[in-house]
Amino acid sequence: GGGSVAKVAPPPLTEPKTKLSMPGTLEITLPSGEVCETRSLGLGLRVKKVGPITAKVYALGVYVGTAAQAQLDQFKGTASADTQDMFAAMLTGPEAPEVFFPRILQLVYARSVTQKQVVDAQREALEGKVGDDVLGEMCAAICKGMGAKTAIGDTLSLAWVEPDLLRVYCSKVGSPGPGEAHGDIRDAALVALLFKGFLGLEPRIDELKTSMAAGLGRLWIGGLHGEGEEKPGG
């Protein structure tokens with residue numbers, strides 16, 4: 001075959017208040033063994049009020065697989081934070097497996113938090129909404145990956161890799177990519193709820209959807225995914 005063509009990747013994104021940065025692309029290996037390229041569309045900052053103090057907890061970036069181009073093409077150029085149809089497309093799982101594309105919530109910690117704080121936050125969000133065994137499995141995977149506590153810049157990546165499968169990745173500050181996979185949890189309700197917490201109608205981070213709508217074009221940088229002709233610029 002001929003020479004390889006250099007890939008054009010979207011540039012990294014930086015969260016302005018913390019200066020934490022996220023790569024433009026993340027590659028993950030799917031359970032099928034296929035390597036999937038995902039691209040960051042936008043990010044936001046999770047803050048939590050503790051008494052009078054507003055603590056910056058983590059920057060959160062949303063990545064989608066390049067296969068999402070077909071589903072999201074209709075929103076190109078018109079998307080806003082209120083384009084709920086676009087976010088709904090990122091929340092479909094087993095009910096529409098034929099249009100599924102991998103997606104990732106990547107958390108980059110803005111402070112040192114303990115394992116207990118991370119687990120308590122997940123329990124607070126999900127207890128009673130998913131089975132205790134499922135929640136326990138996810139928390140165990142997170143604990144295994146993160147160790148006793150996070151350092152600033154450590155990442156936790158929650159990857160929706162199949163319509164009903166969550167894969168948990170952790171990496172330490174300074175190491176590239178999503179890091180090592182620490183657990184697979186097969187539960188359709190769990191993955192949908194995790195993503196709905198940020199992309200649903202009551203998102204936990206106000207500016208995230210605005211950032212994603214503005215960054216939707218990042219999905220097409222460097223041309224179209226797969227075969228077929230490239231559409232004229234848009």
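Q: Where does Thr92 lie in this predicted model?
A: Thr92 sits in the loop between α2 (84-89) and β6.

Q: What makes Phe100, Arg103 and Trp160 contacts of Thr92?
A: Contact means heavy atoms within 4.5 Å. Leaving aside its neighbours within four places in sequence, Thr92 is in contact with Phe100, Arg103 and Trp160.

Q: How many residues separate Thr92 and Val191 along the chain?
A: They are 99 residues apart along the chain, and 9.9 Å separates their C-alpha atoms.

Q: Why is α3 called roughly antiparallel to α4?
A: Helix α3 (residues 115-126) packs against helix α4 (residues 132-146) at an angle of about 155°. Angles over 145 degrees count as roughly antiparallel. Therefore α3 is roughly antiparallel to α4. Their axes are 10 Å apart, and the crossing is right-handed.

Q: Which residues of α3 and α4 make the contact?
A: From α3 come Gln115, Val118, Val119, Gln122, Arg123 and Leu126. From α4 come Leu135, Gly136, Met138, Cys139, Ile142, Cys143 and Met146.

Q: What classes do the residues of the contact of α3 with α4 divide into?
A: There are 9 nonpolar, 3 polar and 1 charged. Arg counts as charged, and Arg123 of α3 is one of the contact residues. Gly counts as polar, and α4 supplies Gly136.

Q: How do you know which residues line the largest pocket?
A: Lining residues have an atom within 4 Å of a pocket point. The largest pocket is lined by 25 residues. Lys48, Val57, Tyr58, Gln117 and Ala121 lie nearest its centre. About 550 Å³ of space lies in this pocket.

Q: Which element supplies the largest share of that lining?
A: The largest share, 8 residues, comes from α3. β4 (35-50), β5 (53-65), β6 (103-109), α3 and α5 (188-199) each supply at least two. By class, the lining has 16 nonpolar, 3 polar and 6 charged residues.

Conventions: Residues are numbered from 1 along each chain as its sequence is written. This is a predicted model: local features need pLDDT of at least 70, side-chain atom pairs count only at pLDDT 80 or more; totals for chains, interfaces and linings use all residues. Side-chain values use heavy atoms; hydrogens and water are left out. Axes are lines fitted to C-alpha atoms, for helices over the stretch in contact, and angles run from 0 to 180 degrees between N-to-C directions. Helices (H or I, at least four residues) and strands (E, at least two) are DSSP runs, numbered from the N terminus. Angles under 35 degrees count as roughly parallel, over 145 as roughly antiparallel, 65 to 115 as roughly perpendicular and the rest as oblique. A crossing is left-handed if the near helix is turned anticlockwise from the far one by less than a right angle, and right-handed if clockwise. On a 1 Å grid over the protein atoms alone, a cavity is a set of points where a 1.4 Å probe fits but cannot get out, and a pocket is an open set with protein on both sides within 12 Å along at least five of seven lines; lining residues have an atom within 4 Å of a point. Grid points are joined across faces, edges and corners, and a volume is the space filled by probe spheres set on the points.
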